[in-house]
Amino acid sequence: MPQKATVGFKNRDIISIHDFSKDEIQHILKVAKVYKDRPHPGLLKGTILASLFFEPSTRTRFSFESAMERLGGSVISLADAKSSSSSKGESLSDSIRIVEKYCDVIVMRHPLEGAARLAAEISKNPVINGGDGANQHPTQTFLDLFSIQETQKKLSGLHVALVGDLKYGRTTHSLAYALALFGAKLYFVAPQSLQMPDHIMRNLKKIKAKYSFHTHPDQLMSKLDIFYATRIQRERFPDPLEYEKVEGIYVITNKLLKKVKKNFRILHPLPRVNEINYEVDDTPYAYYFEQANNGLYVRQALLALIMGKAS
Ligand code: CP
């Protein structure tokens with residue numbers, strides 16, 4: 001197993017939010033703000049990102065690729081597993097052993113939980129988890145936190161509802177942990193069958209997270225700072241009939257927003273299916289498109305930090 005010579009962020013893998021302290025998270029957000037305020041063309045000239053997506057993606061893949069290009073680097077890309085030798089039966093570990101020779105850093109999305117950790121153990125180059133099954137999506141969490149900080153001017157002590165598919169929604173697994181580090185009060189809103197998995201709850205209890213469980217957001221709306229909506233992850237349901245039972249269970253409409261606070265904002269990792277009515281897009285509470293835009297700056301910061309070009 002190759003040992004990576006990590007110094008601070010340099011050469012570091014980004015696999016799980018659990019690998020980052022509160023101070024490190026704050027540092028990433030600070031660097032991201034620098035990139036949002038001012039472009040840094042040429043910073044990563046000569047650096048190659050391998051972008052390996054074994055599952056569909058729009059935001060994560062394009063924003064990582066755009067981030068690298070905007071910093072002057074270049075990208076080799078796998079956007080469809082069918083076009084790689086994995087379709088001929090090549091193992092993930094063999095693929096990583098080859099791809100690492102063609103690049104300086106790898107971002108990978110894979111349907112299997114733990115695939116990113118495995119890739120990181122094999123690769124001499126840093127590996128960034130762009131989502132592994134229903135497990136973790138740490139870079140989404142950094143951009144979610146960046147967006148929360150941008151809208152609330154702070155991260156500590158917020159009231160945040162995580163709503164929808166908390167069982168399969170990997171973004172909520174990473175985000176709940178990070179928000180708990182910052183002392184948030186978390187409201188888990190989901191049908192019983194899609195509540196937070198036990199292993200996530202165990203980790204939250206270890207850090208003394210404050211949380212409560214709900215089946216509907218109605219009674220919470222007036223105290224919330226952030227409403228984090230998620231899509232019901234149809235592709236991860238073993239039984240399509242189970243999906244049909246919960247499809248469209250939570251839909252945000254303007255009516256639901258009648259009693260919210262002025263600073264209240266709606267975030268969503270996107271894509272949305274029917275969780276947010278289009279009428280909500282025109283309210284001051286909608287922040288999901290700005291949130292997706294912030295992915296570009298947060299991912300520039302991560303690439304620059306792990307390539308040792310930012311400190
Ligand atoms: N938020 C997110 O992970 O979106 P994509 O699936 O489009 O990458």
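Helices and strands here are DSSP runs, numbered from the N terminus: at least four residues in state H or I for a helix, at least two in state E for a strand. With that naming, Pro271 sits in the loop between strand S9 (265-267) and H9. The model is predicted.

The peptide bond joining Leu270 and Pro271 is cis. Its omega is about 5 degrees. Leu270 also belongs to the ligand surroundings. A backbone N or O atom of Leu270 lies 3.3 Å from a nitrogen atom of the ligand.

So much for the loop; now the ligand. Which residues surround the ligand? Ser57, Thr58, Arg59 and Thr60 are among them. Arg109, His137 and Gln140 are there too. Pro269 and Leu270 complete the list. From an oxygen atom of the ligand to a backbone N or O atom of Thr58, the distance is 2.8 Å. Gln140 uses its side chain: an N or O atom there is 3.0 Å from a nitrogen atom of the ligand.

Next, the domains. Domain 1 covers 17-136 + 295-306, and domain 2 covers 138-292. Their C-alpha centres lie 24 Å apart. The contact draws on 29 residues of domain 1 and 27 residues of domain 2. Between the two domains, about 2,500 Å² is buried. Carbon and sulfur atoms give 64% of that area. Which three residues of domain 1 supply more than any other three? Ile17, Leu29 and Arg59, with 25% of the area that domain 1 buries against domain 2. Arg59 is also one of the residues around the ligand.

Ten residue pairs are in polar contact between domain 1 and domain 2. Which elements of domain 1 give two or more residues to the side that touches domain 2? They are helix H1 (22-37), helix H2 (59-70), strand S4 (127-132) and helix H9 (288-306). H1 has the largest share, eight residues. By type, this side of domain 1 has 13 nonpolar, eight polar and eight charged residues.

On to charges. Side chains of opposite charge can pair when their charged atoms come close. How many salt bridges does a search of the whole structure find? It finds 14. Between domain 1 and domain 2, the count is three. Take Glu55 and Arg236: they form a salt bridge, with the closest N and O atoms 3.0 Å apart. Another example is in H1, where Asp37 pairs with Lys33. For this salt bridge the closest N and O atoms are 2.7 Å apart. Why about one helical turn between Asp37 and Lys33? Because the two are four residues apart in helix H1.

Asn11 is not a glycine, yet has a positive phi of about 70 degrees. Where is Asn11? In the segment before H1.

That's the tour. Questions, please.

Note on methods
Residues numbered from 1 in each chain as written. Predicted model: local features only at pLDDT ≥ 70, side-chain atom pairs only at ≥ 80, totals over all residues. Heavy atoms only, no water. Domains from an automatic or database assignment. Contact = heavy atoms within 4.5 Å. Buried area = accessible area lost by both parts, 1.4 Å probe. Salt bridge = Lys/Arg side-chain N within 4 Å of Asp/Glu carboxyl O. Polar contact = N/O pair within 3.5 Å; in protein donor to acceptor, adjacent residues only side chain to side chain. Nonpolar A, V, L, I, M, F, W, Y, C, P; charged D, E, K, R; others polar. Near = heavy atom within 4 Å.
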